[in-house]
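Subject: Handing over the structure

Hi there,

Here is the structure I promised to pass on to you. Please open it alongside this note, and I will walk you through what I found.

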Amino acid sequence: MTALSPLEEFDLQRPTVEGGLALDEALLESICQGERRFGLIAWSSTDHALVMPRRHERLEGFPMARRALLDRGWPILFRSTGGTPVPQSPAVVNVALALRCRVGSSAAHLEWGYRRLGDPWCDWLASLGVQDADLGSAPGAYCDGRFNVRIAGRKLVGTAQRWRRVRGCKDMAMLAHGAMQVGETPEALVEVVNAFQDAIGDPQRFHAASHVALAQALPGLDLDSALPGLLERLAEAS
Amino acid sequence: MTTEITVPEDLWEGDTEGVITAWLVDDGAEVAQGDLVAEVMVEKAQYEIEAPVSGKLSIARAEDDVVAKGTTIARLEA
């Protein structure tokens, strides 16, 4: 059994994108193996990658699109949560929360998982002075869903989940992941996703106006000192 | 004896349909009880589907097929 308290993992880690995805997977697996019932990690990558579920590999034209993105300095990597392509870079902070829950208990599944991640995130933003943060869709945003953390309707945090059976019992392990754009401009990241759309021959394009970076909403925020407040809220809600 | 692999009724709330995003084993493969065999995505959430018993897998629904809760996606012949 791992005796680590989640509080011991509150430092923002700086892996590569590939390393960060491996951290998420290790966190979920530690719940599945019964090593702990709750865990939390935060990471921001040192490099760049466009990250998507592996099913995108089946798209016609994927090999060419992969080369085109690589030429732009954006290798494509795969993740285990759902959704569509998302850019990862030092301008994005990821927070993954994993916990063990009982299927059929009062803890509902999908929506509950998103609120378990998103509600404390909105509370944290409110504590920093953002009064119009909520959960919802952001039409025109890449990897849109019903449970983005939004500021004034614009997507700040994209969220996704993975569910896996805990070994040897009927409990489930849930990993809820949030990717928050903290720096750069939305245009810079939207451009990367649209380049993939173009390369894959998909006419859908995304709009920077549907996104917001934390630095735009809270200019001058010292993220290193503010981030532990988010992680504490996420831990306390369990 | 044939055992169906279905999308569990308790995986998510509501009537939203999911998509089979991946088969993790090949059609006709022998699998053991508890092996992960497929992934289903709904609302940006990936759920893993396990084999309920050991046996030879016969896939009934292909990758990218839309599925509702309770849908039979494969059969296992013990």
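Predicted model: local features only at pLDDT ≥ 70, side-chain atom pairs only at ≥ 80, totals over all residues.

B:Ile59 has B:Ala74, in strand 8 of chain B, standing opposite.

In chain B, the open sheet is made of 4 strands in the order 1-8-6-3, with antiparallel pairing. Which strands lie at its edges? They are strand 1 (2–6) and strand 3 (30–31) of chain B, each of which pairs on one side only.

Stepping back to chain B as a whole, you will find 8 strands and 0 helices. Along the sequence this reads as β-β-β-β-β-β-β-β. The radius of gyration of chain B is 12 Å, close to the 12 Å that the globule rule gives for 78 residues, so chain B is as compact as a globular protein of that length. Along the principal axes, the C-alpha atoms of chain B fill a box of roughly 35 × 20 × 20 Å. As for burial, 35% of the 78 residues of chain B count as buried. If you take the contacts in chain B between residues at least 6 apart in sequence, 53% of them join residues at least 24 apart.

Now to the place where the two chains meet. How many residues of chain A are in contact with chain B? There are 21, and they touch 15 residues of chain B. Helix 3 (110–127) and strand 9 (154–165) of chain A each supply at least two residues to the side of chain A that touches chain B. Strand 9 of chain A gives the most, with 6 residues. By class, that side of chain A has 8 polar, 7 charged and 6 nonpolar residues.

Enjoy exploring, and write back whenever you like.

Best wishes

Note on methods. Residues numbered from 1 in each chain as written. Chains lettered and ligands numbered in written order. Contact = placed C-beta atoms within 7 Å. Nonpolar A, V, L, I, M, F, W, Y, C, P; charged D, E, K, R; others polar. Rg over C-alpha atoms; globule rule 2.2 N^0.38 Å. Buried ≥ 20, exposed ≤ 12 C-beta atoms within 10 Å, placed from the backbone. Pairing = 2+ DSSP bridges.
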